[in-house]
Amino acid sequence: MPKTRKVRKRTPSPRKAENKKTWWVQIRLFPIWLRIVLVLVLIALAAAAGAMVGYGVIGDGDPQDALKWETWAHIIDVINGMK
């Protein structure tokens with residue numbers, strides 16, 4: 001015969017709930033919209049840094065060329081089969 005365990009449920013006492021009051025309010029240092037903008041800027045910087053590392057260090061190009069529009073236009077042309 002398998003043994004079964006009895007589980008006791010803890011019920012909060014009503015006396016403790018009445019005595020617990022919050023007297024302070026958390027104030028955010030940065031508003032939520034500023035956090036979202038900061039995350040988007042950090043993602044853009046990480047993408048630019050990754051493109052520079054991939055193009056300049058892993059590939060044999062100049063890292064500054066990874067940020068030029070002509071480089072990306074050439075890459076798009078190669079993908080589309082125009083060159």
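A residue counts as partly exposed when its relative accessible area lies between the limits for buried, under 20%, and exposed, over 50%. Trp72, with a relative accessibility of 38%, therefore belongs to the partly exposed class. The model described here is predicted, and its chain carries a mean pLDDT of 84, with 80% of the residues reaching 70 or more. The chain holds three helices and zero strands, which follow one another along the sequence in the pattern α-α-α.

**Confidence**

- Confidence in the chain is lowest in helix α1, residues 14–19, where the mean pLDDT is 59, and it is highest in helix α2, residues 32–58, where the mean is 95.
- Where pLDDT is low, the predicted coordinates should not be read in detail.

**Surface and burial**

- Of the 83 residues in the chain, 4% count as buried, and the accessible surface of the chain amounts to about 8,700 Å², with 65% of that surface belonging to carbon and sulfur atoms.
- A nonpolar patch on the surface is formed by Leu29, Phe30, Trp33, Leu34, Val37, Leu38, Val41, Leu42 and Leu45, which together have about 960 Å² of accessible area.

**Helix α2 and Arg35**

- Arg35 is also located in helix α2, and its relative accessibility of 41% places this residue in the partly exposed class.

**The salt bridge**

- A search of the whole structure finds one salt bridge, and Lys68 forms a salt bridge with Asp65, the closest N and O atoms of the pair being 3.2 Å apart.
- Both partners fall in the partly exposed class, Lys68 with a relative accessibility of 41% and Asp65 with a relative accessible area of 22%.

- Helix α3 covers residues 69–80, and because its 12 residues at 1.5 Å a residue should span 16 Å, the distance of 16 Å between its end C-alpha atoms agrees with expectation.
- Helix α3 is followed by Gly81, a residue whose phi is positive, near 80°.
- Trp72 is placed in helix α3, and, leaving aside neighbours within four places in sequence, this tryptophan is in contact with Ala51 and Ala66.

Note on methods. Residues numbered from 1 in each chain as written. Predicted model: local features only at pLDDT ≥ 70, side-chain atom pairs only at ≥ 80, totals over all residues. Heavy atoms only, no water. pLDDT = per-residue confidence, 0-100. Helix = DSSP H or I, 4+ residues; strand = E, 2+ residues; numbered from the N terminus. Patch = residues over 30% accessible without salt bridge, like charges linked within 9 Å, V, L, I, M, F, W, Y side chains within 5 Å. Areas by Shrake-Rupley, 256 points an atom, 1.4 Å probe, with all protein chains shown as cover. Salt bridge = Lys/Arg side-chain N within 4 Å of Asp/Glu carboxyl O. Buried < 20%, exposed > 50% of the residue type's maximum accessible area, 1.4 Å probe, protein only. Expected span 1.5 Å × (residues − 1). Contact = heavy atoms within 4.5 Å.
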